[in-house]
Amino acid sequence: MEFMKIYIRNAYAGSFFNRKILLCDFHITINKNDTIILAGPSGIGKSTFLSIIRGDSNFDGTISCNGSPQIRFVSQPLTIDTGETVEDAIQFAVLSNLSDSPHSADPFRVSRKVDKWLKSFDLLDKKKMKISQLSGGQKRRVMLCERFVEQQDQYDLLLCDEPDTGLDIKSQQSLHELMVRNARDNRKTLITVTHNLYPSNLCFYSKIILLGYGKRGIPTVRYFGPISDIKRSFGTTDFLQIFDKLMTVPA
Ligand SMILES: Nc1ncnc2c1ncn2[C@@H]1O[C@H](COP(=O)(O)OP(=O)(O)O)[C@@H](O)[C@H]1O
Ligand SMILES: [Mg+2]
């Protein structure tokens with residue numbers, strides 16, 4: 001089912017007289033429950049792409065949606081209070097989700113929900129630890145878990161900007177697996193920006209968007225589709241070669 005149709009003629013920054021075109025000339029349709037990787041060279045416009053979808057960037061074009069989707073954004077820097085325990089952080093998020101007031105919530109039910117979420121982000125054994133004592137990967141999982149849980153019924157689209165920065169390849173894999181599984185289980189559409197284009201990360205996602213230079217020498221969407229069809233488009237699955245092509249203005 002179609003979720004969001006995006007047509008961008010020009011997306012730009014700056015004032016009218018000092019305008020810089022950041023992305024141009026693309027048309028894509030995102031379906032409900034798509035789980036999408038967004039990739040491309042540094043500075044090509046990945047974060048800009050997310051800000052267009054969030055409505056924080058100026059553009060000529062149209063974005064049309066089925067209804068008015070709520071969007072949640074997980075920014076690149078870690079934003080989490082590291083003084084509290086993992087349990088406290090997730091409990092707070094779970095409580096924010098309940099229709100009854102936190103004081104009248106059934107503690108047993110809340111604790112079961114907290115455990116369910118901690119388990120789904122592989123954090124159950126870290127429950128009593130202070131967030132400041134966790135590794136980078138674990139902190140990131142707590143932050144993502146928190147974003148997934150908070151007002152869970154109130155968003156349809158989750159945008160994550162480089163959530164795997166600074167993690168080893170194994171922790172990246174488990175982070176992506178958990179994110180995609182949680183998005184699927186909760187029927188969210190997910191777009192994740194990453195530079196870590198390993199098969200072990202990509203395999204969980206349904207599609208990929210690749211940004212690169214377009215015919216006017218301005219960044220655009222050079223590929224959008226299933227990861228398995230990349231070879232047909234670029235003649236290779238080697239991202240070093242694909243990035244060379246993305247950096248080259250097409251003839
Ligand atoms: N507000 C702005 N004013 C001028 N240029 C900007 C602004 N925001 C982003 N840019 C430029 O847009 C380009 C894309 O940036 P960004 O979307 O952050 O790239 P990425 O996330 O792919 O690394 C960069 O060249 C950046 O300098
Ligand atoms: Mg960026």
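Author: Happy to! One term to begin with: strands here are DSSP runs of at least two residues, numbered from the N terminus. Keep in mind that this is a predicted model.

Reader: Good to know. Where does leucine 157 lie, then?

Author: Leucine 157 is part of strand 6, which covers residues 157–161.

Reader: Is leucine 157 buried or exposed?

Author: Buried, because 22 C-beta neighbours lie inside 10 Å of leucine 157, and the cut-off for buried is 20 or more.

Reader: And what is leucine 157 in contact with, leaving aside neighbours within four places in sequence?

Author: Pro69, Ile71, Lys188 and Thr189. For some sense of distance, glutamine 138 is 19 residues from leucine 157 in sequence, and their C-alpha atoms are 23 Å apart in space.

Reader: Nice. Which domains does the assignment give for the chain?

Author: Domain 1 is made of 1–69 + 157–251, and domain 2 spans 79–155. Taken over C-alpha atoms, the domain centres are separated by 28 Å.

Reader: How many residues of domain 1 and domain 2 are in contact?

Author: On the domain 1 side there are 12 residues, in contact with 11 residues of domain 2. Strand 6 and helix 5 (169–185) each supply at least two residues of that domain 1 side. Helix 5 gives the largest share, six residues.

Reader: What classes of residue are on the side of domain 1 that touches domain 2?

Author: Seven are nonpolar and five polar, with no charged residues on that side of domain 1.

Reader: Back to helix 5. At what angle do the axes of helix 4 and helix 5 cross?

Author: At roughly 10 degrees, and the axes come within 11 Å. Helix 4, residues 136–149, therefore counts as roughly parallel to helix 5, since the cut-off for that label is under 35 degrees.

Reader: Which residues meet there, between helix 4 and helix 5?

Author: From helix 4 come Gly137, Arg140, Arg141, Leu144 and Phe148. Helix 5 brings Ser171, Leu175, Leu178, Met179 and Asn182. The residues of this contact divide into five nonpolar, three polar and two charged.

Reader: Changing topic to the ligand: which residues surround ligand 1?

Author: The shell around ligand 1 consists of Ala13, Gly14, Lys20, Leu22, Ser42, Gly43, Ile44, Gly45, Lys46, Ser47 and Thr48. Strand 2 (20–31) and helix 1 (46–54) are the elements that give two or more residues to it. Helix 1 has the largest share, with three residues.

Reader: And by class, what does the shell around ligand 1 have?

Author: Six polar residues, three nonpolar and two charged.

Reader: I always check backbone torsions. What is phi of aspartate 25?

Author: Near 50 degrees, a positive value in a residue other than glycine. Aspartate 25 has its place in strand 2. With 17 C-beta neighbours inside 10 Å, aspartate 25 counts as partly exposed.

Reader: What about phi of arginine 187?

Author: Phi is positive there too, about 55 degrees, although arginine 187 is not a glycine. Arginine 187 sits in the loop between helix 5 and strand 7 (189–193).

Reader: Why does arginine 187 count as exposed?

Author: Because arginine 187 has 9 C-beta neighbours inside 10 Å, and the cut-off for exposed is 12 or fewer.

Reader: Great, thanks for the tour!

Note on methods. Residues numbered from 1 in each chain as written. Chains lettered and ligands numbered in written order. Predicted model: local features only at pLDDT ≥ 70, side-chain atom pairs only at ≥ 80, totals over all residues. Helix = DSSP H or I, 4+ residues; strand = E, 2+ residues; numbered from the N terminus. Contact = placed C-beta atoms within 7 Å. Near = placed C-beta within 6 Å. Nonpolar A, V, L, I, M, F, W, Y, C, P; charged D, E, K, R; others polar. Domains from an automatic or database assignment. Axes fitted to C-alpha atoms, helices over the stretch in contact; angles between N-to-C directions. Parallel < 35°, antiparallel > 145°, perpendicular 65-115°, else oblique.
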